[in-house]
Protein chains: 2
Amino acid sequence: MSKLVLYDFIAEPGNNELTVKEGETVTITNQVNLYQNSSSAFLLPLLELHLRNIVVPFLDCLLTQKCTFTNINDEQILIFKEAGTRAEDDEWDDEWDDMKSTGGYAESESGESGAMQRGGAHMGEVGPVWSYPESQLDCVVADPKKGSKMYGLKSYIEYQIVPSTTNRPVNHRYKHFDWLYERLLDKFGSAIPIPSLPDKQVTGRFEEEFIKMRMERLQGWMTRMCRHPIVSCSEVFQTFLTYKDEKDWKTGKRKAEKDETVGVMIFSTIEPEGPDLDPVEVEQKCEQFSRFTKSMDDGVKEILTVGHEHWKRCTGPLPKEYQRIGKAFQNLSSVFTSSGYQGESTLTDAMTAAGKTYEEIAQLVAEQPRKDLHFLMETNNEYKGLLGCFPDTIGVHKAAIDKVKEGDKLVATSKITPQDKVTMAKRVSIMSYALQAEMNHFHSNRIYDYNRVMQLYLEEQVKFYETVKTFLSAISHSKLESVLFCCLIISTIT
Amino acid sequence: MSKLVLYDFIAEPGNNELTVKEGETVTITNQVNLYQNSSSAFLLPLLELHLRNIVVPFLDCLLTQKCTFTNINDEQILIFKEAGTRAEDDEWDDEWDDMKSTGGYAESESGESGAMQRGGAHMGEVGPVWSYPESQLDCVVADPKKGSKMYGLKSYIEYQIVPSTTNRPVNHRYKHFDWLYERLLDKFGSAIPIPSLPDKQVTGRFEEEFIKMRMERLQGWMTRMCRHPIVSCSEVFQTFLTYKDEKDWKTGKRKAEKDETVGVMIFSTIEPEGPDLDPVEVEQKCEQFSRFTKSMDDGVKEILTVGHEHWKRCTGPLPKEYQRIGKAFQNLSSVFTSSGYQGESTLTDAMTAAGKTYEEIAQLVAEQPRKDLHFLMETNNEYKGLLGCFPDTIGVHKAAIDKVKEGDKLVATSKITPQDKVTMAKRVSIMSYALQAEMNHFHSNRIYDYNRVMQLYLEEQVKFYETVKTFLSAISHSKLESVLFCCLIISTIT
């Protein structure tokens, strides 16, 4: 397949890029890593986001609709003049072989993936907002089960996911979530921050604690995706949640993999109801949001740092100290018991009880972080991930605005027609609708999430202090008061 | 003054002792450090208690009433054949010059100090107990005032002491307490543990915190002395508490300094009401108490070690961490406030309140040890001091018992007469009455003190957890619940 290069591109040394010039021809072999230029091709690192070089051709394509572009993998993208074709996915890793699609590139299916879901945005009280579905999708990730294949040679963990819409469970392994993540990132990543999945892990994958933690984080990730009106309505997401059988899943999977409405193309599926947005205001909003996400990122990281230290103290030295206090009380109590002196059993009972209580407090202290700090940390961790996605999204947007600003100059030098300029402005307005709707979606979710986590944290903290208080006052009142009374009598009588 | 040496004494190298033989003559100069043997004298380190060498001559003196002995200072003791004379006290240190006694050794006053208070002991339910006075003496140490002398060149702190008996305040400086301590140690040290005074301190003596702490410890020491039926009734202690004017104090002071009923002589002032004690039982009791005080010493030291560490954590890293948590919440709250998004002030108010609360908690945590751990530490510190006195007291006793056990052998070899043996047994019985009464006094005080301090500790801990709980639930309920409610509505409506 030979393709025409649309724009000059100067490769940066060490980035695995090729320098190509407008008018050159790109030849594509079937292997991702073997894309070659018959003296001309370009492979753009997307995730590293060399915005200076990439975004402009990117956006020109989009804004003037003169080209399409194709993600090859996470890191590389090709731009072609005509409606392009897409390369086959990387070989699924070893674990994927059980469900590997039939393989090979089926040209005939290409056309089918054109069907798109249209996302709506309208003016709300806070500015542009997404059109939210009437009932919010939700799902429960639960019941992790060990499965095996290849006559037991390979083991894996399968999670059950039950969507609120069908109430019918589907099963997925971590790698399926990872596959979904990749699809969502390809498709929506330019407009919507798609947070990373919980980390892959090689060792300890089958330990109960790890499985529980991963499940909890997959649940968090799925909940966030479910809450998003654009993501949750997408065909790929629905397929993941509601496939009927193996065949259905395979078909949906293949279709999603061939979807061409990915990258900045997603903006073409957004239909804002409302007038075009004022570019100056848009730029200000964008700046403000950029500053906000940066500060929030700092704030979130601060909480994570402090929380991590506090976690260590609460599960390490602090309970150890309470334990030692408890032991010291009990030890002194048993020394007292050995005195041979009459009538001090009430005191020694109380001291032993106090000692045991401090050992219980040690336990409470050590267990507490899992009850409150855990969710505070998890939420902030999720937000750290989300916030990490914004600089890219905002970067694309800023570059688009800059391009529109150049509009008059481009018309004057005949680089684009006046009609092109109008189209560009229209499209930037759509992008701004999307970004602002996303900003508002982020804000309302943030308020909801932080409110929930703060309330949970404070409630659990209150419970903790209440429990410790109750434990301590049980000894303080029932035992010692009577002893003190006795002692005073003895000491004044003798 | 030449005195005859009664027993052979082999000096241990490096102990500042002199080897003397029975029949040698001791010459005494007027300076403690210049006691010399005109080839013969012995200076026995008492506090280091080289029991092998010292106690036997000691007790022989006492048991057979063939000699008297004189404390020279804390570390040295002289034994003479005839009723001895006593050396002058060390020069008072610089601080003492305002009240220095006329000085010089007044031979004529020597006889007057013979007046003794008789201490009673009788059989109680728990065995031998002291006869306690009908109303217990108490005193309040308060109102530390800075005084000066030598035209302001020298400053000192004077404390006011008000005894419950007269309700009339007397003033004393630390060095007066120290003088009293020395007198009590000389007089009662063999039978009654006299705990050390709070440490002397050269720098920072006039800092408020130090003065407060010293006053509190002097109060603790005085309270313990007041509680002791033998100590509190002694002339020297009464003089200290109730002197009428400067002249009265000086007279009393001189008299106390010449008191010859010191060291093991104190046992001769004790008149037990009851039958002689069974030596085997006495030995068992003594052994048991010895083991007990050793274990309690370990237990007390363990509490002090753990308590010290806990104190450091509670006043250092822990509140710093709560402060950082508080700051992190407040910081994130102010980031949220900058979002420009409408309707999150309830959340940010709650987060700010939570942040401030954690700063308050930091304060509470840091202040808490002064409210509870402090008294636990002070009490255990006092007991550590008290327990440190027991090995000497018990050592004297054990040696006395051993001596009585040798009685038959000594009679057989004509070292003592059969009448001497009877006298020895009688006197050991008196010592045992005293030791057991002291043991029981110690036990009852211990129960009272530990009960009080445990109750105080637990009550203050309960208050602490209650306060923190109240602080936290104030935010958790009033602020966040309504926010959560609002959020849920917004999130389902939009």
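Is Phe289(B) buried or exposed? Phe289(B) is buried, at a relative accessible area of 2%; buried here means under 20% relative accessible area, exposed means over 50%, and partly exposed is in between (1.4 Å probe, protein chains only). A quick word on ground rules: this is a predicted model, where local features need pLDDT of at least 70 and side-chain atom pairs count only at pLDDT 80 or more, while totals for chains, interfaces and linings use all residues. Residues are numbered from 1 along each chain as its sequence is written, chains are lettered from A and ligands numbered from 1 in the order in which they are written, and side-chain values use heavy atoms, with hydrogens and water left out.

**View 1. Chain A at a glance.**
Chain A has 12 helices and 10 strands; helices (H or I, at least four residues) and strands (E, at least two) are DSSP runs, numbered from the N terminus. Of its 494 residues, 51% count as buried. Take the contacts in chain A between residues at least 6 apart in sequence: 70% of them join residues at least 24 apart. Contact means heavy atoms within 4.5 Å.

**View 2. The axis that relates the two chains.**

Searching the whole structure turns up 36 aromatic pairs over all chains. To pair, rings of Phe, Tyr and Trp (its six-membered ring) need centres within 6.5 Å; planes under 30 degrees apart count as stacked, over 60 as edge-to-face and the rest as tilted. Tyr358(A) and Tyr457(B) have ring centres 6.1 Å apart and planes at 40 degrees, so this pair is tilted. Tyr358(A) is buried at 0% relative accessibility, and Tyr457(B) is buried at 1%.

Over in chain A, Phe289(A) and Phe292(A) belong to one aromatic cluster, whose other members are Tyr383(A), Phe390(A), Phe442(A), Tyr450(A) and Phe336(B).

**View 3. An arginine over a tyrosine ring, in each chain.**
In chain A, Arg214(A) lies over the face of Tyr174(A), 3.7 Å from the ring centre. In chain B, the charged end of Arg214(B) sits over the ring of Tyr174(B), 3.7 Å from its centre. For a charge to count as over a ring, NZ of Lys or CZ of Arg must be within 6 Å of the ring centre and within 35 degrees of the ring normal.

The open sheet in chain A runs in the order E7-E8-E9, with antiparallel pairing; two strands pair if DSSP finds at least two bridges between them. Its edge strands, E7 (139-149) and E9 (170-173), each pair on one side only. The average twist is 35 degrees from one strand to the next. Strand E8 (residues 154-163) of chain A pairs with E9(A) over four bridges, and Val170(A) in E9(A) is the bridge partner of Ile161(A). Helix H3 (residues 208-227) of chain A lies across E7 and E8, at about 130 degrees to E7(A). Axes are lines fitted to C-alpha atoms, for helices over the stretch in contact, and angles run from 0 to 180 degrees between N-to-C directions.

Val126(B) lies in the loop between strands E5 (119-124) and E6 (127-130) of chain B and is partly exposed, at 24% relative accessibility. Leaving aside neighbours within four places in sequence, Val126(B) contacts Tyr341(A), Gln342(A), Lys285(B) and Asn440(B).
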